[in-house]
Amino acid sequence: AERLSLKQVEFKLGEVVEHVSHFVTPLAQKKNLAVNLETEYELTEYALYGDRERLGQILLNLAENAVRFTQSGSITLRIQATMLPQSEVSIRFEVQDSGIGVRPDARSRIFTAFEQVDNSQTRQFGGTGLGLAICKRLVRMMNGDIGVNSTEGHGSTFWFHVRLPIVAHARQDAPE
């Protein structure tokens with residue numbers, strides 16, 4: 001309805017990752033899926049400025065989809081950052097799974113509202129076809145981009161990147 005808006009608040013990236021992990025890990029454990037987190041400790045301690053809730057919503061949607069479409073194997077949440085001038089950071093989030101994958105002809109449609117790879121999967125796995133469209137809209141509102149790399153039958157890596165200002169580098173008690 002074009003009514004989404006972003007809130008700009010100070011937050012730590014680690015809090016967002018912890019929140020997503022708190023919800024996704026039990027879902028994955030019910031299916032005997034391993035959940036891996038690949039990020040640098042230092043990155044999680046950066047104090048950033050942006051919409052913490054919407055960032056978490058995007059990451060959670062991608063992670064829940066990964067669990068939904070994966071029957072065995074693992075889910076990996078990967079976060080990488082590149083420092084930019086003017087105290088900004090470019091952050092790339094990836095959610096990789098060993099699930100069913102996405103056909104090449106469907107990759108361009110899955111970020112469109114109410115689109116599904118096919119209707120039989122909607123019945124089998126559930127969903128309305130809105131989650132990825134909302135994610136795309138939110139990422140674009142954050143001046144970022146979103147996409148997928150996938151091999152049908154061998155899993156997918158959904159990714160997105162955003163640029164956020166760094167408020168402070170709040171490194172405390174970093175492990176050696």
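Predicted model: local features only at pLDDT ≥ 70, side-chain atom pairs only at ≥ 80, totals over all residues.
Colleague: How far apart are the end C-alpha atoms of helix α1?
Modeller: Helix α1 covers residues 13-30, which is 18 residues. At 1.5 Å a residue the helix should span 26 Å. The model agrees with this, because the end C-alpha atoms of α1 are apart by 27 Å.

Colleague: At which residue does α1 bend?
Modeller: The bend is about 30°. A proline, P26, follows within four residues of the bend. The residue where α1 bends is V24.

Colleague: Which residues of α1 are buried?
Modeller: An α-helix has 3.6 residues a turn, so residues three or four places apart point the same way. Buried here stands for under 20% relative accessible area. The buried residues of α1 are L13, G14, V16, V17, V20, V24 and A28.

Colleague: Which residue with a positive phi follows α1?
Modeller: The phi in question is near 60°. The residue that follows α1 with this phi is N32.

Colleague: Which residues is L55 in contact with, leaving aside its neighbours within four places in sequence?
Modeller: L55 is one of the residues that touch the most other members of the largest nonpolar core. With its neighbours within four places set aside, L55 is in contact with F11, L13, V16, F93, M142, F160, V162 and L164.

Colleague: How many residues apart in sequence are the parts that E88 and R163 tie together?
Modeller: Side chains of opposite charge can pair when their charged atoms come close. E88 and R163 meet in a salt bridge, at 2.7 Å from N to O. E88 lies in strand β5 and R163 in strand β7, so the pair ties together parts whose separation in sequence is 75 residues.

Colleague: Is E94 buried or exposed?
Modeller: E94 forms a salt bridge with R92, and their closest N and O atoms are 2.8 Å apart. Salt bridges that share partners join E38, R78, R92 and E94 into one network. R92 has 26% relative accessibility and therefore counts as partly exposed. E94 has 11% relative accessibility, so E94 counts as buried.

Colleague: Is E53 buried or exposed?
Modeller: R52 and E53 form a salt bridge, with the closest N and O atoms 3.8 Å apart. R52 has a relative accessible area of 30%, so R52 is partly exposed. The relative accessible area of E53 is 56%, which means that E53 is exposed.

Colleague: What is the bridge partner of V35 in β4?
Modeller: Strand β2 (residues 34-38) runs parallel to β4, and 5 bridges join the two. In β4, V35 has as its bridge partner I75.

Colleague: Which residue in the turn between β4 and β5 has a positive phi?
Modeller: β4 and β5 pair in the antiparallel sense over 10 bridges. One of the pairs has T82 with S90 in β5 as its bridge partner. The two strands form a hairpin with 3 residues between them, and the residue in the turn with a positive phi of about 60° is Q86.

Conventions
Residues numbered from 1 in each chain as written. Heavy atoms only, no water. Expected span 1.5 Å × (residues − 1). Bend = angle between axes of the 7 residues up to and from the residue. Buried < 20%, exposed > 50% of the residue type's maximum accessible area, 1.4 Å probe, protein only. Core = buried A, V, L, I, M, F, W, Y, C linked by side-chain atoms within 4.5 Å. Contact = heavy atoms within 4.5 Å. Salt bridge = Lys/Arg side-chain N within 4 Å of Asp/Glu carboxyl O. Pairing = 2+ DSSP bridges.
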